[in-house]
2 protein chains.
Amino acid sequence: MTQNTPLIRPTDDQAISQAKSLIFGAKYGSLAFTHPQTGTPFVTRIALGTTPEGVLISLVSDLSLHTQALQQAPDCALLVGEPKAKGDPLTHPRLSLQCRAEFLPRTHENFQKIRDHHLKNSPKSKLYIDFADFKFVVFHLTAAAMNGGFGKAYQFSPGDLHPT
Amino acid sequence: MTQNTPLIRPTDDQAISQAKSLIFGAKYGSLAFTHPQTGTPFVTRIALGTTPEGVLISLVSDLSLHTQALQQAPDCALLVGEPKAKGDPLTHPRLSLQCRAEFLPRTHENFQKIRDHHLKNSPKSKLYIDFADFKFVVFHLTAAAMNGGFGKAYQFSPGDLHPT
């Protein structure tokens, strides 16, 4: 995906490295999805983790709005890269990820492997990871745009940001 | 708008006060909109201000993706309430606002009044506020949902959060 604008810089190794560090450093992010009742955009904050292979995931409850929404309409987006406490938040680099959500129910062949990996990285999740209404959602990347501060815009294909 | 779930607490004065403080304390937020090329959800970070009456606004450029997107499809959403540096970010209160975007071009009768108010609150915007490609977008609230931490969910009508 391109925006056909001269403001987008060519994708280079440094930009790819910065984008990957924003993804793998993300403990949480803003999730945009289509609201199941109104059919319009909605945005919530969610906790993030990864699969052992480095693909972004979240542990979600069937009771939450975003779970119900993504089950109806899996196209979604994530914003990662949180501003520091000091300085202009709009100069802090952030990455907008366009994704397609896939749910991994507890019966999925990869569930246990991802559960164990997630528990290791997010020990507090042991409080609810085995609740019957919780499952994983995997965010498969379709495109990404990074804003590294004024005049520092980049776009990426899924291949650019492949975790391995 | 209700979600028909027993998890939503009754809206009381304390919840309204907390939600209003999240709105009026917001210097930036996550903006969810429909991507003009893909037609799927997208999310970016934007700076926020208010009109003199206290309605959320942003100063945006015609060159930016979110401006082009909101001109095509004005239904959007904002997430405000940023986590503190310490503690679990998912326990920090945040507010999801469903909005309809209205653009105020430089020729609009209220432009000058809002410009002066914005300059007072965001002095750094003087660097670009008078650029020809900049205009204001006003976020008219249609519904709101607050997550005040585990088990503390509320929903609001626009009337509940009216600034005055």
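Start by selecting helix 2 of chain B, residues 65–72. Helices here are DSSP runs of H or I with at least four residues, strands are E runs of at least two, and both are numbered from the N terminus. Which residues of this helix are buried? Show the side chains of His66(B), Thr67(B), Ala69(B) and Leu70(B), and you have them. (Buried is when 20 or more other C-beta atoms lie within 10 Å of a residue's own; 12 or fewer is exposed, in between is partly exposed, and C-beta atoms are placed from the backbone.) Those four cover an arc of only 165 degrees around the axis, which puts them on the same side of helix 2 of chain B. The arc is taken from the directions that run from the helix axis to the C-beta atoms.

A word on what you're looking at: this is a predicted model, where local features need pLDDT of at least 70 and side-chain atom pairs count only at pLDDT 80 or more, while totals for chains, interfaces and linings use all residues. Residues are numbered from 1 along each chain as its sequence is written, and chains are lettered from A and ligands numbered from 1 in the order in which they are written.

Now bring chain A into view. Here, 30 residues of chain B are in contact with 30 residues of chain A; contact means C-beta atoms, placed from the backbone, within 7 Å. On the chain B side, select strand 1 (28–34), strand 2 (41–47), strand 5 (75–80) and strand 6 (94–104), the elements that each give two or more residues. Strand 2 of chain B gives the largest share, six residues.

Last stop, chain A by itself: trace three helices and eight strands, in the order α-β-β-β-β-α-β-β-α-β-β. Its C-alpha trace spans about 50 × 35 × 35 Å along the principal axes, and 37% of its 164 residues are buried.

Notes:
Two residues are in contact if their C-beta atoms, placed from the backbone, lie within 7 Å.
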